[in-house]
Each structure stands twice: as C-alpha cells, then as structure tokens.
Amino acid sequence: MTEPAAPDLTPEEVHAQLGRLMASPDFDASARNRAFLRYVVEEALAGRADRIKAYNIATSVFGRNSSFDAQLDPIVRIEAGRLRRSLERYYLSGGRTDPIRITVPKGAYVPRFEVTKSPPSAGGMPAGEASGRPAAWEARSPSILVRPFEQEGDQSAFPNFTHGFARQLIIGLTRFTDLVVFGPETSFRGGSEADLASLRRELGIDFVVTGGTTLSEDRFGVEVLLVDAVTGRYLWGESYERQLDPRIILAVRDEVANRIAGTLAQPYGIIFANRALEVEGKPPGSLTSYDYVIRFYQYRRTFDPTVNEQIREGLERAIAIDRDYAEAFACLSLAYIDAFRFNFVNATDIPHALERASVLARQAVTLAPRSSRGHHALALAYWFRNEVEPALRTFETALSLNPNDTEIMADFGVRCALRAEWAKATRLLHESFARNPAQPGTYRLGLAIDHLAHGHDEAALAEAQKIRAPDVIFSHMPIAVAAARLGRRDEAEAALAEIRRLDPSYAHRVVDDLLGRNVHPDVVQLLVDGLRLAGLPVPSTSPAVLRNHAR
C-alpha cells in the first residue's frame, strides 16, 4: 500500500514526519540511533545523499575519529540494523496510519521517503493489535533525564564541583546499560516548563533526576530527587553529607554520585520498584520485553519453579521480537541456569538448559560488550560448566564494567564463599547488602556459610533464615546445619523435612552435588558434617576422597 513519492514531498513535510516519529512513544530507538536517523534525513534533504557513507556516519554521529575503518569496526552496520528494526516496529504500531514512511533500505544508509495509503483498521483494532502483536511489546528500557544541579554556598574554591558531580552521576547511571540516560545538555534545550514537557514527550523520558549541592567551610552536601516525568510525582529523595577535605574531595564526591546511581538504577532499586508496581497484574498478552525483564528479577527473590517456566517462555518471545535486546538475552540465560542448577526441568532436558544458557550469555555479550549483565550470565554459565577460573575472571569483568551493580557483587561474593575465599566473600557481600538492602535474600547463603566456617552459629542461622527460597535445597541446608550445631532439634528437623520434600534421595548424593557445584572440599566437609548432626544419613566420605573427587 506504499507509493514511492520522494520527488513529490517537500522538505517541510519530511521534517514534520521526522518530528512526529521522534515524538512518538512507539518509536523505541536509542538516543544515538535517533541521532543517526536525524543525520541521514538531514543530509538527504540537503542534497548530500552521496556523502551518506559509513565513515561519515561513524565520525559525525558515533564519535569515531578519522582513523575509522568500517571493515574493522562494524558500529554503523550494527546500529543501522537496530534502527531499521525500530522503524519497522514503529510503522507496525503507532505509526501505522502516518502519511509518510521513512525507511533506511538494506545495503545502504540513504533514507527513503514514501507517501502511504493507510490500510483500514483490522476490525477497528488498535494499530499494535492489528499488526499481530500488541503495541506494548514495542516498549523497552526506561529513560532518565539528569537536570542541571543547583549550587548553594560559596563554591569559588571548587568551581567545577557541581558540574563534576552531575557528570559522575551520569557515568554511574550509564553503566546500567538497560537505562537510557540524558544529561544536563539535553535539559538546556528545554528552558521553560512547557519546553521541558515537550522535550519529555519528544525523547520519551520516564524519570527526571534533579537536586542541588551545598558547600560550606568543612562540609559538602547533596540533595537528590527522582520525579515521575509524566505525572510530576516525587518518587524518591535523599540527602547526603560528607566532610569537605580538599585532598579527597573528588573521590568522595564520586563515591556519593555512584551510590546514588546504584540506588536508582540497580536491580531491586528505586526505578525497578516503580516499574514492578506497574507490571503487577498485567495480563501476559500485554507485557513488554522490559516487563518480562522486571518479572525475571521479581522471580529471583524466591526462585519459584513454576514462575521460572513462565519467565523463560516470556523472555523467549521477547528476544524473538527484540533480537538486539541484550538485557533480555542475559536474563533468559540466567533463567535457564536456574532451571539447570535447581532441577526445574526434566532430567533429560538439564544438559540442554545449560547449553542454551551458555549460547544466550554469549549472544548477550556480543550484542552489548559493555553490559555487565551479559558478563554476569556468562560467568554463571562458566561456573556450572565447572570452568571455575574463567567464571571468576568473568565475574571480575562484570563488576569492573559496573561497580555499582550490587547483584553482581553479591553473586560474586557467594561464589567466593563456596570456594572458601572468606575475606573477599564477606567484603563483597557486606558491601552489596549495605548498598542495597532490598536485594534478594538468596545471596545471604554466602554469609551463612562464612559464619558456619568460623563457628558463628547464631549469626549463621540468622542469615540463613533470611534466604526464603522454599523450593531450593540450599535455602534449607544452612538452617539445618546451624540449628543442629545449636542444639535446636525441631528447627533442624523441619529444615531436613524440606530437603527431603525437594529431593527424597538427597542424602545419598549430597557430596557429589556439592562438588559438582564447585564447592571447596573443606566447605563440603563442613556442610556434610552438619547435615549428619541434624540427622540426614549421609554416607561416610573421607577428606582425601573429597579432595580427589574435586580434582
């Protein structure tokens, strides 16, 4: 139903369509792909279509320098594919009745402008439904605008303090690669509140960060607010105050900025909690790709096996539609890893689950090499393939990519505890829970094991009781061990009853199971001794056999 009509269209008409497209919430392109589209459209309208080449796009849009070589750096080709898919999704949903269609045909980067004849609505259905899938699927990552921070007090001694704080906050937020971040430069385009509202609509901004800094003779303070960009409702606010020591002021400033970034953007953080409320109660047919990512993190609080299957099915649909959505690939990989390690699938499907997880993790890293979540999934895939050293190195990589991600910090801490690397385990785990008390209690397994190893049985029991994953054996194992060592027979027996419910034959395979999960032989011995004390009839195994088995 499309007629080629570029010669009949005026630049004004094309500009109007570009503005319409950019302002639509159904156009899900990233900020830099929006810039990509705007660049090629402007070049074409200016009569410079012959200059629309990979080199010029890379240097003008993506910040590559003059040494750019398209044969060595595929950035333009990859982003062009993503832009084409965003345009396709837009014209299947919100842009279905637009009078002009803008496309970027494959094989080149010169845009095409076409007049469309809108087809009749399919039985009066909304555009997204008529396309065969709900328009809600098109929505993806939340976006956040960091506004310029106000300055109070005499800042002449540190004239760049506030600007540097905002810059570090943006850096911290951008490490969460599933979040679209706009900085103060974008805010300056919207001077008045009306202009800012228009800017919010144009860019599809969900949240706004605002606040101010104060400097006094010996202290500095920061006040931060998170605002719902649509309703104007204040969602969160916090004040931070630190000693003003000129020798370390920049380090402390950056520490506060990173803490705020983590509080806002990490899994189980403020933005997650806000989006989770929106997802609750939605019927499956209306869930977006991002909604399924949110549901994945909700599921991981308890590791419910029935929910695991639903999450895998939903994320499989998500990646079939959003084939470049790295976060969805990573979360689906982690869901398959859970199915493997907790036996959530039939025995014959267990090897397939781990292989599928490994493939998905590598795809996530390929799609977004700077995304910490893809590396997190890859680290666990290595771990359960019994490739311990690559797993630990990949955890280090994931954490270096985003030091503010407390979930990766906590999971890495658990792995270190299982390997009896106590100092590193406790440092990672204590810091992760100090930064994000709302994260799942399942990571407290590492703290419980550390306390058991050092004879702190009361503390071990207290940590184990916070795990709260009733369908996972390792939620009950440290309770049984700690309670038995404390002489609390009823609590120990209740925990053993849960273990037997989950796996009636676990006593006969506990050693093999723990060693197969890369648990250090000393930790295996500690847990087996405790389970025997609790009353689980684990067959006798010598320490020498444990070590030989581990090797």
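Q: How many helices and strands does the chain have?
A: The model is predicted. Its secondary structure was assigned from DSSP runs. The chain has 25 helices and 9 strands.

Q: What share of the 551 residues in the chain is buried?
A: A residue counts as buried under 20% relative accessible area. Of the 551 residues in the chain, the buried ones make up 52%.

Q: Among contacts between residues at least 6 apart in sequence, what percentage joins residues at least 24 apart?
A: Contact here means heavy atoms within 4.5 Å. Take the contacts in the chain between residues at least 6 apart in sequence; the share joining residues at least 24 apart is 62%.

Q: How are α21 and α22 oriented, roughly parallel or roughly antiparallel?
A: Helix α21 covers residues 473-485 and helix α22 residues 489-502. Their axes are 8 Å apart and the packing angle is about 155°. Angles over 145 degrees count as roughly antiparallel. Therefore α21 and α22 are roughly antiparallel.

Q: Is the crossing of α21 and α22 left-handed or right-handed?
A: On the α21 side, the residues that meet α22 include Ile473, Met477 and Ala480. On the α22 side, they include Ala492, Leu496 and Ile499. The contact divides into 11 nonpolar, 1 polar and 3 charged residues. The crossing of α21 past α22 is left-handed.

Q: How are α11 and α12 oriented, roughly parallel or roughly antiparallel?
A: Helix α11 spans residues 289-299, and helix α12 spans residues 305-321. Their axes come within 9 Å and cross at roughly 155°. The cut-off for roughly antiparallel is over 145 degrees. So α11 and α12 are roughly antiparallel.

Q: By class, how many nonpolar, polar and charged residues are in the contact of α11 with α12?
A: α11 passes α12 in a left-handed crossing. From α11, the contact includes Tyr292, Phe296 and Tyr299. From α12, it includes Ile311, Leu315 and Arg317. The classes are 8 nonpolar, 4 polar and 2 charged.

Q: Is Tyr268 buried or exposed?
A: Tyr268 sits in the loop between α9 (249-265) and α10 (270-279). It is not a glycine, yet its phi is positive, about 75°. Most residues other than glycine have a negative phi. With a relative accessible area of 4%, Tyr268 is buried.

Q: Is Ala420 buried or partly exposed?
A: Ala420 is in the loop between α17 (406-418) and α18 (422-435). Ala420 has a positive phi too, about 65°, and is not a glycine. Its relative accessibility is 23%, so Ala420 counts as partly exposed.

Q: Which residues does Glu79 touch, not counting those up to four places away in sequence?
A: Glu79 is in helix α4, residues 75-92. It counts as buried because its relative accessibility is 2%. Beyond four places in sequence, Glu79 touches Arg32, Asn33, Phe36 and Phe62.

Q: What distance separates the C-alpha atoms of Ala398 and His375?
A: Ala398 lies in helix α16, residues 388-401. Its relative accessible area is 0%, so Ala398 is buried. Leaving aside neighbours within four places in sequence, Ala398 is in contact with Ser372, His375, His376 and Ile408. Ala398 and His375 are 23 residues apart along the chain, and their C-alpha atoms are separated by 5.2 Å.

Conventions. Residues numbered from 1 in each chain as written. Predicted model: local features only at pLDDT ≥ 70, side-chain atom pairs only at ≥ 80, totals over all residues. Heavy atoms only, no water. Helix = DSSP H or I, 4+ residues; strand = E, 2+ residues; numbered from the N terminus. Buried < 20%, exposed > 50% of the residue type's maximum accessible area, 1.4 Å probe, protein only. Axes fitted to C-alpha atoms, helices over the stretch in contact; angles between N-to-C directions. Parallel < 35°, antiparallel > 145°, perpendicular 65-115°, else oblique. Left-handed = near helix turned anticlockwise from the far one by under 90°. Nonpolar A, V, L, I, M, F, W, Y, C, P; charged D, E, K, R; others polar.
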